[in-house]
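Visitor: I would like to learn how to read a few features of a model. Please show it first, and then I will ask.

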Amino acid sequence: MSLLEKELSRLLTQVQKNRPLVHNMTNSVVTNFTANGLYALGASPVMAYAPEEVADMAAVAGAVVLNIGTLTAELVEAMIIAGRSANAHGVPVLLDPVGAGATRFRTESALRIMREVNVSLLRGNAAEIANLVGEAREIKGVDVGDSESGGNAPLAMRAARELGTVVAITGREDAIADGERCRIISGGDALLTQVTGTGCLLTSVLGAFAAVERDTLLAGTAGLAFYGAAAARAAERTAAFGPGSFQTAFLDELAKLHPHSLKGYAAVREAAGSGAKAGMGTGTGTPR
Ligand SMILES: Nc1ncnc2c1ncn2[C@@H]1O[C@H](COP(=O)(O)OP(=O)(O)OP(=O)(O)O)[C@@H](O)[C@H]1O
Ligand SMILES: Cc1ncsc1CCO
Ligand SMILES: [Mg+2]
């Protein structure tokens, strides 16, 4: 196991041991799937939305995940209350800008949250992140119109610099950047795009890893890699049946994750031009 792979595995064990509380303010489509996915991983989910209670919940959480998938003006206000409380208590805040670019309300709400709350990690698909840095890219509701062309790393680097936070962009390959360093994670399976909320659950899973590790780039890399490995393992068993069977198998594989699960199913490499030292890949080779 490479040094990086050991670090990633250590974080998985931390999540499984500590069972961090993840406070989700998420969309109405994915709440049940998100709670089940977090339980499968070994974390402890809670959904809380009322402006009267979100500051208290955020204060005691390991991470707060804000997801604008089915936003309302009132919900955005409550998210800002939760985010500020998390900031005041040293709790990491993650933002999933679902559908940014599809409507002005979504784009402006995501940008407003980032102005008023210190967001540790922003996770979206390429179209969502592009729209947040002022690059109009086709988005069809909550889905990428045209999937990444030329990879997600350059956009992740640019967004991290301009927005001043760690940015993860997911797709066929994921990229995560902090403005200086950028890593590319391969794994996963296209079946993930046929099950609703796999991106939303991923952001909450990254919250569980951020709860146990202050280095957000490292925590994010671990979450992306283990999530991709679980999906690749589930697809291996269920691709012949389809998305329904895959969804069930994926939850099972999240629950079965162990320190050696990455091998052959997910790989991490440094992006070209990244400030990080080369040769820190997991050494697992090309995943399936
Ligand atoms: N073509 C693909 N091949 C392999 N994995 C993929 C592919 N497309 C997406 N993924 C994986 O699917 C997961 C969700 O990423 P995606 O970019 O689809 O999120 P999203 O658009 O926000 O999804 P949602 O809105 O449904 O929650 C990630 O783990 C990502 O790596
Ligand atoms: C389908 C859908 N619509 C709003 S949120 C959501 C869940 C996936 O992002
Ligand atoms: Mg999404």
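Visitor: Which residues does Thr 170 touch, not counting residues up to four places away in sequence?

Guide: Some ground rules come first. This is a predicted model, in which local features need pLDDT of at least 70 and side-chain atom pairs count only at pLDDT 80 or more, while totals for chains, interfaces and linings use all residues. Residues are numbered from 1 along each chain as its sequence is written, and chains are lettered from A and ligands numbered from 1 in the order in which they are written. Two residues are in contact if their C-beta atoms, placed from the backbone, lie within 7 Å. With residues up to four places away in sequence not counted, Thr 170 touches Arg 123, Asn 125, Gly 199 and Leu 202.

Visitor: Where is Thr 170 placed, and is Thr 170 buried or exposed?

Guide: Helices (H or I, at least four residues) and strands (E, at least two) are DSSP runs, numbered from the N terminus. Thr 170 is in strand E8. A residue is buried if 20 or more other C-beta atoms lie within 10 Å of its own, exposed if 12 or fewer, and partly exposed in between, with C-beta atoms placed from the backbone. Thr 170 counts as buried because there are 28 C-beta neighbours inside 10 Å.

Visitor: What does UniProt list for "binding site" together with Thr 170?

Guide: UniProt positions are given in the numbering used here, feature names are shortened, and annotations may be inferred rather than shown by experiment. The UniProt record, an unreviewed entry, lists Arg 123 and Thr 170 for "binding site". They are spread over 48 residues of sequence but cluster in space, with a largest C-alpha distance of 7.5 Å. Arg 123 is in strand E5 (residues 121-125) and is buried, since 30 other C-beta atoms lie within 10 Å. Not counting residues up to four places away in sequence, Arg 123 touches Leu 94, Asp 96, Ala 168, Thr 170, Leu 202, Thr 203 and Leu 206.

Visitor: At what angle do the axes of H8 and H9 cross?

Guide: Axes are lines fitted to C-alpha atoms, for helices over the stretch in contact, and angles run from 0 to 180 degrees between N-to-C directions. Angles under 35 degrees count as roughly parallel, over 145 as roughly antiparallel, 65 to 115 as roughly perpendicular and the rest as oblique. The axes of H8 (residues 198-212) and H9 (residues 216-238) come within 8 Å and cross at roughly 130 degrees, and the two helices are therefore oblique to each other. On the H8 side the contact is made by Leu 202, Val 205, Leu 206, Phe 209 and Ala 210, and on the H9 side by Thr 216, Ala 219, Gly 220, Ala 222, Gly 223 and Tyr 227.

Visitor: How do H1 and H9 pack, by angle and by axis distance?

Guide: Helix H1 (residues 3-18) packs on H9 at about 80 degrees, with the axes 9 Å apart, so the two are roughly perpendicular. Glu 7, Leu 8, Leu 11 and Leu 12 of H1 meet Leu 218, Ala 219, Thr 221, Ala 222, Ala 225 and Phe 226 of H9.

Visitor: Which residues of H2 are buried, and what do they pack against?

Guide: An α-helix has 3.6 residues a turn, so residues three or four places apart point the same way. In H2 (residues 31-41), the buried residues are Phe 33, Thr 34, Ala 35, Gly 37, Leu 38 and Leu 41. They pack against H1, E1, E2, H8 and helix H10 (243-256).

Visitor: What is the phi of Arg 19?

Guide: Most residues other than glycine have a negative phi. Arg 19 is not a glycine, yet its phi is positive, about 45 degrees. Arg 19 is in the loop between H1 and strand E1 (21-25).
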